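I wanted a quick tour of this one before doing anything else with it. These are my notes, in the order I looked things up.

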Amino acid sequence: MAGSALWFFLLLAAALAGRATALWPWPQYIQTSDLRYPIFPHNFQFQYHVSSAAQPGCSVLDEAFQRYRDLLFGSDFWHRPDPAEKQHTLEINSLVIHVATPGCDQLPSLESAENYTLTINDEQNFLFSETVWGALRGLETFSQLVWRSPEGTDVMAYSKFNVFHWHMVDDPSFPYESFTFPELTRKGSYNPATHIYTAQDVKEVIEYARLRGIRVLVEFDTPGHTQSWGPGAPGLLTPCYSGSQPSGTFGPVNPILNSTYEFMSTFFLEVSSVFPDFYLHLGGDEVDFSCWKSNPDIQDFMKKKGFGNDFKKLESFYIQTLLDIVSAYGKGYVVWQEVFDNKVKVRPDTIIQVWREEAPVSYMKELELVTNASFRALLSAPWYLNHITYGPDWEKVYMVEPLAFDGTPEQKALVIGGEACMWGEYVDSTNLVPRLWPRAGAVAERLWSSKLVTNLDFASKRLADFRCELLRRGIQAQPLNVGYCEQEFEET
Amino acid sequence: MEQRGWGLPRLLGLLALLAVQVPRSSASSYMGLWPLPLSVEMSPRLLRLSPENFHIGHDSSSTAGPSCTILQEAFRRYYDYIFGFYKWHRGPAKSHAAPELEQLLVSVVLDSQCNAFPNVSSDESYSLLVKGPVAILKANRVWGVLRGLETFSQLIYQDSYGTFTINESNIVDSPRFPHRGILIDTARHYLPVKTILKTLDAMAFNKFNVLHWHIVDDQSFPYQSITFPQLSNKGSYSLSHVYTPNDVRIVIEYARLRGIRVIPEFDTPGHAQSWGKGQKDLLTPCYHGHTQSGTFGPINPILNTTYSFLSKFFNEISTVFPDHFIHLGGDEVEFQCWESNPDIQKFMQQKGFGTDFKKLEVFYIQKLFNIISTVNKGSIVWQEVFDNNVKLQPGVVVQVWKYGDYAKEQSRVTAEGFPVLLSAPWYLDYISYGQDWVKYYNVEPLDFDGTSKQKTLVIGGEACLWGEYVDATNLTPRLWPRASAVGERLWSRQDVRSSQDAYKRLTVHRCRMVRRGVAAEPLFTGYCNHEDRV
């Protein structure tokens, strides 16, 4: 048996000219040399440092070790090398992980520290991090440094994204299976037998995400975008009128009924317990006033409240009542920018998500206004990846600088990040993955790496390599331009 | 959050909600036909089919029988498309009141052409009479049977009890244009054979009948030549990114079984960078002043060795690919490199071409045409060859691809008596947000100035999916169902134009493709009943 032909080994390289150029997103700080170290599948292991706060039994890291082992070596390569083949070069047989602060069973949060230090040299192979979340990011970087010789919501973790914003329901369907209001799904989903997310599905998504250091931020958008709530919650939506008669159609959630708030109270109590993240996304975008305007009961209510003809005041009334409900459950919230634009009084810790590119003001101006009012901001406007165009549009996405607005350092500090959005009008399981990846990778690097990492040629090369790496890991990421990957995607 | 300023999509979206949320059972089967047949009469009388009893077979009057592989394979395939995906739904429904449809009998009237390859004049017409207990599918040739089986399978749906149901109906159908093609590009990105076969499946679902295989280009030469193995050894992306002779045979036979022609394109004299790596002296060395710059331009048209190479090469191609036509490319020839080369300048003087490099191009193409005629093949070329006043032999097909004023180009080409293929409005690699299929659907290929004789010269068109940004990861959802719009435009009558009606049918058809294993992307919001089994 030709031992050397049958077992293979990996090389850990640091030469900038070599493998390190395939890193994505680019680390904040990196220093490299030409030295390469072999890694052998049969004796390589991830180890906890004796004084690490995380020790064997830490679910997040135990699982991650398994995952990265498989990514590095696959599952087929477990041949032991012939002892006679022993390498003389210094080999790496472990990566030692030291986590400073305890906490393996928690969920990641907005405040979770993700920084890490990875050191590979003759003396040590060491990954140090504040938290297990930082260790996850470091393991991803480690895996990207390793390459093969002689030839050579996983994907979110591969690009170090850490929030999965789940826009769960909208006008066309209500797939979330609520246990307090099962009629919502029964009457509001595309198909109540198959096109739903059960409590178990949701739990699995959250745990899968947690193990990868990803938060699940759920959105239940109201009072607009709620057509699908109507069939399963009679009386919830506003009946629209044509003249003096109800027209048979419905508008946004009816903000003038006590029953509406009782419903929301019960519904969000459930949501607060099902989704453990501190934040809920409450939507609040694109409320169409025409139906409210047509409804005589709402007109009466407006008069009684002294709102005049200003339906934004009615919207404010609704949102404020909703925010009070959610706050009472000890949750924080994210809302779309209209809530801010329409001058709804919100709590100071509200996060405003900026999504409109041009109107009412440019998104940079909007960031300025939001942070000037001391709210935290999330940026999405330039990152609507469902909008597709011909050619390498990732470049435009990549070159956005989220802090390029007029403001004090305090204001800049209020921009807590951003999101790449893949709205679903034209997207389902047939085209989601290639449409999202590697384009979302461009957003990932912008949000992770230093502000100075903006060289398009450098990015282009690394992103093409990263895309091939995604293919190798089974993610159907589309090409950036002409070329090929050693391992192409194969139809099943 | 999501912008809603999109007029048409939104309107169509409302339609989508109406159309899609109707349970499949009450959706009329007429709704699911794509492309719409020439004539459809459908009675409200229902027949049921049971997977255990139903059978597709040869009628005793047919000229084809069990030895006809094309049909045997097709019978099995369509049985699976109709029932295969529902096997676990078998069960009660026996008590159903409707009479049963027990058989589909297929009758080929003329010589069946079972063992032939389809060609541009293949007869694809058929008639389908669905009545209990036996339906009859009649066609002159096997090609019509294939199209009729597809239509038959589209007529069947499951009612709310899960019973397979079909309306009694009478369909007479034939295509409007004989050449209905899809262009794939395996040079900008290599497409695994499986992806090509999947594309052929989907083409058959949409009654396309030509795979235009743009097999090589500047970037790579994946075609493994028997005569010149160095071409792919040196010119492919890697040694695993090649099409072996066996791969090519598999593709051609898989296509034949679906009534699809395979037309290879070997584009010269431009777009040929990858040829240079494995064939010394084939490309023109470019000059920088008096010295060679180390880069290369189009094929070198002044050397005898060029033509002896092309002669041998195309002799091989003519035996490997059975179709009568070879696509010779001829587009986008850059003249700078030719201009820079002193030997070429000398040659130009000798020939009296002056500085008109179009004449040199014409010189090259003429010689290439002669080579193709000697191997008894017909030629298709991109429009530049016509535009540059190459004297074309009668019958050379001109493919119109430039978007600006393509109708005028159609007028000019047909006025000279040459057959035309239209692609200009159907470059599906140009993607944009929203329902761009409507744009493709609204094209009328005969909407140009010309006599009725000129119009008959338009033999069809092709949807082109160039590969700069496309590979196996995104080809299928990018091609389907957008190409389906082109499919109906080329198959159905000129007056089948309502995009509202098309939307309803295409939504059903898209879900059918998904059920059959083709990851066709959604037209708009909505869902498919069997989504989970993509």
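Entry 1: I'm working from a predicted model, so I treat everything here as computed from it.

**Entry 2: barrel in chain B.** I started by tracing the strands of chain B. I found 8 strands closing into a barrel, in the order β8-β9-β10-β13-β14-β15-β16-β17, with parallel pairing. From one strand to the next the twist averages 30°.

I then zoomed in on one pair. Strand β10 (residues 261-268) of chain B runs parallel to strand β13 (residues 325-329) of chain B, and 2 bridges link them. Which residue of β13(B) stands opposite E265(B)? I clicked through and got H327(B).

Helix α13 (residues 406-415) of chain B lies across β15 (397-400), β16 (420-422) and β17 (458-465) of chain B. Its angle to β16(B) is about 165°.

**Entry 3: open sheet in chain A.** Over in chain A I looked at an open sheet of 4 strands, ordered β3-β4-β6-β5, and its pairing is mixed.

As a reminder to myself, strands of a sheet pair through backbone hydrogen bonds, either parallel or antiparallel. For β3(A) and strand β4 (residues 94-99) of chain A the sense is parallel, with 4 bridges joining them. I picked Q47(A) to follow across, and its bridge partner in β4(A) is V96(A).

**Entry 4: the interface.** How much area do chain B and chain A bury between them? I read off about 4,400 Å², with 55% of it on carbon and sulfur atoms. Chain B puts 50 residues into the contact and chain A puts in 51.

The rule finds 4 salt bridges across the interface of chain B and chain A. One of them is E490(A) with K194(B), where the closest N and O atoms are 3.9 Å apart. I flagged that pair, given that the cut-off is 4 Å. Residue pairs in polar contact between the two chains come to 21, counting pairs with both residues at pLDDT 80 or more.

On the chain B side, α1 (7-21), α4 (193-205), α16 (475-479) and α18 (499-515) each supply at least two residues that touch chain A. Sorted by class, that side has 22 nonpolar, 16 polar and 12 charged residues.

Entry 5: I looked at cis peptide bonds in chain A. T222(A) to P223(A) is cis with omega near 0°, and P223(A) sits in the loop between β9 (215-222) and β10 (237-242) of chain A. A359(A) and P360(A) are also joined by a cis bond, omega about 0°. I placed P360(A) in the loop between β14 (351-354) and α12 (363-372) of chain A.

Then I turned to positive phi. S374(A), not a glycine, has phi near 70°, and its loop runs between α12 and β15 (376-379) of chain A. Q113(B) isn't a glycine either, yet its phi is positive at about 65°. I found Q113(B) in the loop between β3 (103-108) and β4 (126-130) of chain B.

Key: Residues numbered from 1 in each chain as written. Chains lettered and ligands numbered in written order. Predicted model: local features only at pLDDT ≥ 70, side-chain atom pairs only at ≥ 80, totals over all residues. Heavy atoms only, no water. Pairing = 2+ DSSP bridges. Axes fitted to C-alpha atoms, helices over the stretch in contact; angles between N-to-C directions. Contact = heavy atoms within 4.5 Å. Buried area = accessible area lost by both parts, 1.4 Å probe. Salt bridge = Lys/Arg side-chain N within 4 Å of Asp/Glu carboxyl O. Polar contact = N/O pair within 3.5 Å; in protein donor to acceptor, adjacent residues only side chain to side chain. Nonpolar A, V, L, I, M, F, W, Y, C, P; charged D, E, K, R; others polar.
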